Protein chains: 2
Amino acid sequence: MKIHYECFACAANQCQKIVEMGTDDLELRRKGVIEAAKLMASIGEDSIPAVFGSEVFLGVYRVIGNDDPFKAYKGISNRLAEKVVSDLEKEEIDLKTALKLAIIGNVIDFAVGYSPEGIEEDVKAMLGGGLYIDHSDELFDRLKNPRTLLYLTDNCGEIYFDRLLIKKMKEAFPYLEVYIAAKEGPIINDATVKDLKKAGFEDLGKVVSTGTRIVGVPLDRVSDGFKAVFEGADVIIAKGQGNFETLSEIEDERVFYLLKAKCRPIARELGVPQGSMVCMRAK
Amino acid sequence: MKIHYECFACAANQCQKIVEMGTDDLELRRKGVIEAAKLMASIGEDSIPAVFGSEVFLGVYRVIGNDDPFKAYKGISNRLAEKVVSDLEKEEIDLKTALKLAIIGNVIDFAVGYSPEGIEEDVKAMLGGGLYIDHSDELFDRLKNPRTLLYLTDNCGEIYFDRLLIKKMKEAFPYLEVYIAAKEGPIINDATVKDLKKAGFEDLGKVVSTGTRIVGVPLDRVSDGFKAVFEGADVIIAKGQGNFETLSEIEDERVFYLLKAKCRPIARELGVPQGSMVCMRAK
């Protein structure tokens, strides 16, 4: 997906959040956003938001001298999401519900400070809503025969919902071979390989790094190892907006996007109302 | 005032607003923000927000082919503010109240669509609040002897509140010679010389242009004619944030700032809580 007009201000706002989370020093924050302004000049009509955003963010990290400004935020998200998912698992959860939960996990900001009980209520309320595009029957159908699945994760917190979905898929399709991918190092609140390992994903499949800290899976930046896994997969589940942004132009029908269209550009690109949840086969 | 860390994202958000108001064509909006991103690269540690912002905005105007994206917005603001002020004038208004009203006029977004009655209620509620810094006695004291006052206006809408204050000052200080300044051409929702003339300011004093479309009064950009007026004034009333941003470093004690510290950088610079209304003599 190429840049939409809203992506510039959105990236600038994220830079502000990064310097606020990354340092208390007003002078460093100022240097950070000035660096951001310089790096943003490279935006062109073909820029992919997730890619130019990540490059700018990493430049800001360097200037403010903090390589992981979202560290505390991610820690809180993971702890809270783990608790919420473990509570949810006390009730019977079917495969389709697990899929919806994985999308809902993409929506919740676990670290804004409300209680696990509050989040659980919100999650259950969201389960009542339907998917605006639902190709999940086709997705599950494709997983029926012995298959290789590559699961591209998105954010911390959310990964505990992903873990539940993968568990349910493995119960339903016992011969499934699963690869679960995350970023090579910290970038905003995205999950890293380290986060996946800490969350026990190695019990469910093979944890792989995309080989880059760029958000999404920019195929010109990923490692050769990751590319081999990507090419060898029969089915690819791509969680969240960043993965969509970096894959939407390749029109690879092995890919299923699982996301909520949180912003207008993504909604416009998908042709769905903003806020829609979708499980959508790539065209 | 030099750039604070919040100014970058704020300018980016204003660019988004400009392209949204300036054109319905998504492709042009995209070109507009890409131009903004390029122009923002010139931001340095000494940049003045009002100045670099204006330069970026004018670049966006060029790319989207709309030289006055806020035209309709300004028209609504002026019409609504004129009605509100004329209703307020039905009651007796003293000089100090007129001064507070001029600050309040800087705060209200007249064009968001609520009724004159609703605005009047809001204005009266705001009149109940005090000024966090109040040097108005000194200001009025300085206007007592035959004096030349330069009044630097800020936004459309607000100018009708300025007109009321100037009227009251002229009643109180009959020998006052007044110059009222506005921008040479359209820039965001700032008042232009044309707006002042339409609002009848020529009945109150001499209407002058700053000679530039840059927000505020950047003394290295204003016309020679304006500079002569600026230098000859005994007292200068500078309304709003843009005028403050461009004058704060010259430490000219003829200047009195009349504004509400709407954003954190201005509040930080003034050393007042965000949201404070001030009538403050320049240090």
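Helix α5 of chain A, residues 95-105, is mostly covered, with 9 of its 11 residues buried. The buried set runs as follows: A:Leu95, A:Ala98, A:Leu99, A:Lys100, A:Leu101, A:Ala102, A:Ile103, A:Ile104 and A:Gly105. A:Lys100 is one of these buried residues. The model is predicted.

Now to the contact between the chains. The size of an interface is often given as the accessible area lost when the parts come together. Here the area buried between chain B and chain A is about 2600 Å². Carbon and sulfur atoms give 61% of that area. In chain B, B:Tyr5, B:Phe8 and B:Arg30 lose the most area to chain A. Together they account for 29% of what the chain B side buries.

| Between chain B and chain A | Value |
|---|---|
| Residues of chain B in contact | 29 residues |
| Residues of chain A in contact | 29 residues |
| Salt bridges | 6 salt bridges |
| Residue pairs in polar contact (both at pLDDT 80 or more) | 17 residue pairs |

Which helices of chain B each supply at least two residues of the side that touches chain A? They are α1 (7-22), α2 (26-40) and α12 (264-270). α2(B) gives the most, with 11 residues. By type, the residues on this side of chain B divide into 14 nonpolar, 4 polar and 11 charged.

One salt bridge can be named. B:Glu45 pairs with A:Lys31. Their closest N and O atoms are 3.1 Å apart.

Definitions and conventions. Residues numbered from 1 in each chain as written. Chains lettered and ligands numbered in written order. Predicted model: local features only at pLDDT ≥ 70, side-chain atom pairs only at ≥ 80, totals over all residues. Heavy atoms only, no water. Contact = heavy atoms within 4.5 Å. Buried area = accessible area lost by both parts, 1.4 Å probe. Salt bridge = Lys/Arg side-chain N within 4 Å of Asp/Glu carboxyl O. Polar contact = N/O pair within 3.5 Å; in protein donor to acceptor, adjacent residues only side chain to side chain. Helix = DSSP H or I, 4+ residues; strand = E, 2+ residues; numbered from the N terminus. Nonpolar A, V, L, I, M, F, W, Y, C, P; charged D, E, K, R; others polar. Buried < 20%, exposed > 50% of the residue type's maximum accessible area, 1.4 Å probe, protein only.
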